[in-house]
Amino acid sequence: MRHDHVITSKQLSRSDIETVLDRAAEIRDDPTAVADRHAGALLGLLFFEPSTRTKMSFETAMKRLGGDVVDMGSVESSSVKKGETLADTVRVIEGYADALVLRHPKQGAATMASEFVDVPLLNAGDGAGQHPTQTLLDLYTIRENAGLEDLTIGIMGDLKYGRTVHSLAYALSNFDAHQHFISPESLRLPREVVYDLHQEQERAQVREHEALEEILPSLDVLYVTRIQRERFPDETEYQKIAGEYQIDVDTLEAASDDLTVMHPLPRVDEIAPEVDETEHAAYFEQAHNGVPVRMALLDLLLSDDEGETDE
Amino acid sequence: MSDDDHELRVSKIRSGTVIDHVPGGQALNVLAILGIDGSKGEEISVGMNVPSDRLARKDIVKVEGRELSQDEVDVLSLIAPDATINIVRDYDVVEKHRVDRPEVVEGVLSCPNAGCISTGDEPVSSTFDVFDDAVRCSYCGTIVREEIASLIDT
Ligand SMILES: [Zn+2]
């Protein structure tokens, strides 16, 4: 890895991604080989908004590498409540830990925090911005189920506020994937993201749709995200829209038998429970993949830190 | 210079900087973007909506006693791309510059995205990458094409 910090998926090249995914595959095949690799190392967890799963996944990953975590606890009980800046918080916790994981409600928080610390900093979600470790586990799951070569993927739901979607879209453009974005008009991808995909990453092949039927039969992967009720001023408007972006066994009849259905979880009602029993469902596997992928990432970053070559 | 007659409407300065060919109505934004508000005792003259050959109406800003550097004035390209900068000593123009578009502007504009970390109480100044037709917050990625003047941090 060329990077000390993992802030956005935009910074990840195809070879960075492949390095992490390959390492994750090795670790998953033989977890005992790395069980003591980072004994004594400490990972600082700074979660300024709740995220039990992401936090537990990092905690599990670090402990499985033989290390441990220090946790600033909930925002309510910390000095943040007293008005301490994020810049100060990270500079203090940096002194306790070998690497930091940051989840923060403000966009750009991880970029800013990384300007103040020398230990590796991993962005675990910054507002509507980015979530690059989620992206890496998504890519791992895609590679396992459908392959990353010649991929046709549909990404559906709340594309406007969905940071996992923005992160994934950037990363996929390294792989010449055909990306189809399916959402109601009001929740389309931010124009900034579309701009980047078209301008900066010329190879991206991006299409936008309002209806899943238009594109479902050609998809290898359907990545579903939650449409948040609170984004809509009135409940009937939400009900009208949400229903069109929910999938069940009937919806999937039009899909290829090999379609992989993914979701960053938690889901509410956008994927019917009956889909869980089908061959399509990969979302629980996807969540579990978070551990080997984060182990791989931490291993690469902490090994750099211990003076190994970073070529 | 055919503009000379009109320029006389704004008093000549002895030494300092004359910023000419500012689009009509942008003079106060020019001062804001340069962080000049007269509080340090600078003598400032502003001519607004003066007839001009090159622009239908233009503004002129004269700052007595201060020679602005190229880096300082380049940020003007965001709102006054055609501005000319005349450095005056003893009533003579000794240097004439155009503004160049800088690659980055720092601490000048504030991000319009309320969810952006740079708008809070953190000890960082806003940073924007400058494109040909837009600016982009380097923290949250928000792109602004229109109304850049409205982002000027006053
Ligand atoms: Zn911003």
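In which strand of chain B is Cys137(B) found? Cys137(B) lies in strand S8 of chain B, residues 135–137. Helices and strands here are DSSP runs, numbered from the N terminus; helices are H or I runs of at least four residues, and strands are E runs of at least two.

The structure is a predicted model, in which local features need pLDDT of at least 70 and side-chain atom pairs count only at pLDDT 80 or more, while totals for chains, interfaces and linings use all residues. Residues are numbered from 1 along each chain as its sequence is written, chains are lettered from A and ligands numbered from 1 in the order in which they are written, and side-chain values use heavy atoms, with hydrogens and water left out.

Cys137(B) belongs to a metal site. The zinc ion is coordinated by the SG atoms of Cys111(B), Cys116(B), Cys137(B) and Cys140(B), at 2.3 to 2.4 Å. Donors are defined as N, O and S atoms within 2.8 Å of the metal (3.2 Å for Na, K and Ca); water is not among the atoms, so sites may look incomplete. Along the chain, the donors of the zinc ion follow the spacing C-x4-C-x20-C-x2-C. The 4 donor atoms subtend angles of 99 to 115 degrees around the zinc ion, and the arrangement is therefore tetrahedral. Four donors count as tetrahedral if all angles lie between 85 and 135 degrees. The ideal angle for four tetrahedral donors is 109.5 degrees.

Buried means under 20% relative accessible area, exposed over 50%, and partly exposed in between (1.4 Å probe, protein chains only). Cys137(B) counts as buried because its relative accessibility is 3%. Cys111(B) is buried at 8%, and Cys116(B) is buried at 0%. Leaving aside neighbours within four places in sequence, Cys137(B) is in contact (heavy atoms within 4.5 Å) with Cys111(B), Cys116(B), Ser118(B), Thr127(B), Phe128(B) and Thr142(B). The C-alpha atoms of Cys137(B) and Val108(B) are separated by 12 Å, and the two residues are 29 apart along the chain. A search of the whole structure finds 0 disulfides over all chains; a disulfide is a pair of cysteine sulfur atoms within 2.5 Å.

S8(B) is part of an open sheet. In this sheet, 4 strands of chain B are arranged in the order S6-S7-S8-S9, with antiparallel pairing. Strands S6 (104–106) and S9 (143–144) stand at the edges with a single partner strand each, so one side of each has no neighbour in the sheet. S8(B) and S9(B) run antiparallel and are joined by 2 bridges. Two strands pair if DSSP finds at least two bridges between them. Val135(B) stands opposite Val144(B) in S9(B).

Chain A contains parallel pairing. Strand S1 (residues 42–47) is joined to S3(A) by 5 bridges, and the two strands run parallel. Gly44(A) stands opposite Leu100(A) in S3(A). S3(A) also pairs with strand S4 (residues 121–126) of chain A, in the parallel sense and over 4 bridges. Here Leu100(A) stands opposite Leu121(A) in S4(A). From S3(A) the chain crosses through helix H4 (residues 109–114) to S4(A), in a right-handed β-α-β crossover. A crossover is right-handed if, with the strands pointing away from the viewer, the path from the first strand over the helix to the second runs clockwise.

S3(A) spans residues 99–104; 6 of its 6 residues are buried, so the strand is largely enclosed by the rest of the structure. In a regular strand the side chains alternate between the two faces of the sheet. Both faces of S3(A) are covered, with Ala99(A), Val101(A) and Arg103(A) buried on one side and Leu100(A), Leu102(A) and His104(A) buried on the other.

Phe47(A) is located in strand S1 of chain A. Phe47(A) is buried, with a relative accessible area of 4%. Among the residues that Phe47(A) touches are Val101(A), Arg103(A) and Ala124(A), not counting residues up to four places away in sequence.

Some backbone geometry stands out. Most residues other than glycine have a negative phi, and most peptide bonds are trans. A cis peptide bond joins Leu265(A) and Pro266(A), with omega about 5 degrees. Pro266(A) is placed in the loop between strand S9 (260–262) and helix H9 (283–305) of chain A. Asp176(A) has a positive phi near 55 degrees and is partly exposed at 32%. Asn49(B), in strand S2 (residues 43–51) of chain B, has a positive phi of about 55 degrees.

Technical notes. Four donors count as tetrahedral if all angles lie between 85 and 135 degrees; four count as square planar and six as octahedral if opposite donors are over 155 degrees apart and all others between 65 and 115; anything else is irregular.
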